[in-house]
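Open the model in your viewer and keep the selection tool ready. We will go stop by stop.

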Amino acid sequence: SLPQDDFPATSQPCGWSGVRCAYNYTSNMTHVTEIKLPMRGLKGPIPKEIGFVPYLTKLDLADNEIAGTIPEAIYSLTKLRHLYLNDNKLTG
């Protein structure tokens with residue numbers, strides 16, 4: 001896990017380190033499009049809530065200590081084009 005200071009509870013995800021967003025003119029909303037957190041010492045499983053990020057195009061969690069299996073929710077991310085999970089402790 002990351003230190004709490006890296007992800008303050010009062011800020012929006014688009015301001016977090018390693019998170020990129022894009023404005024969608026059709027919906028007039030800003031969506032998380034990239035999560036890039038390689039080599040951050042992340043531990044534990046990938047949360048199933050990753051499926052709640054439908055505009056995600058890139059997920060880079062390489063070179064961490066992520067364990068468990070890849071959640072089924074990742075397969076529902078139809079816009080995901082780049083997935084980097086190498087050098088973790090994933091099984092299955």
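Is Asp-63 buried, partly exposed or exposed? Select Asp-63: at 34% relative accessibility, the residue counts as partly exposed. Keep in mind that this is a predicted model.

Stay on Asp-63 and look at the backbone. Asp-63 sits in the loop between strand 4 (58-60) and strand 5. Its phi is positive, about 60°, although Asp-63 is not a glycine. Most residues other than glycine have a negative phi.

Next, select Met-39. Here too phi is positive in a residue other than glycine, near 50°. Met-39 lies in the loop between strand 2 (29-36) and strand 3 (43-44). Met-39 counts as exposed because its relative accessibility is 64%, over the 50% cut-off.

Now turn to charged pairs. How many salt bridges does a search of the whole structure find? The search finds two.

For one of them, select Glu-34 and Lys-36. Their closest N and O atoms are 3.4 Å apart. Color the pair by accessibility. Glu-34 has a relative accessible area of 13%, so it is buried, given the cut-off of under 20%. Lys-36, at 34%, counts as partly exposed.

For the other salt bridge, select Glu-65 and Lys-89. The closest N and O atoms of this pair are 3.7 Å apart. Which parts of the chain does the pair link? Glu-65 is in strand 5 (residues 65-68) and Lys-89 in strand 7 (residues 89-90), distant parts of the chain, with the two residues 24 residues apart. Finish on Glu-65: its relative accessibility is 35%, and it counts as partly exposed.

How values were computed:
Residues are numbered from 1 along each chain as its sequence is written. This is a predicted model: local features need pLDDT of at least 70, side-chain atom pairs count only at pLDDT 80 or more; totals for chains, interfaces and linings use all residues. Side-chain values use heavy atoms; hydrogens and water are left out. A salt bridge is a side-chain nitrogen of Lys or Arg within 4 Å of a carboxyl oxygen of Asp or Glu. Buried means under 20% relative accessible area, exposed over 50%, partly exposed in between (1.4 Å probe, protein chains only). Helices (H or I, at least four residues) and strands (E, at least two) are DSSP runs, numbered from the N terminus.
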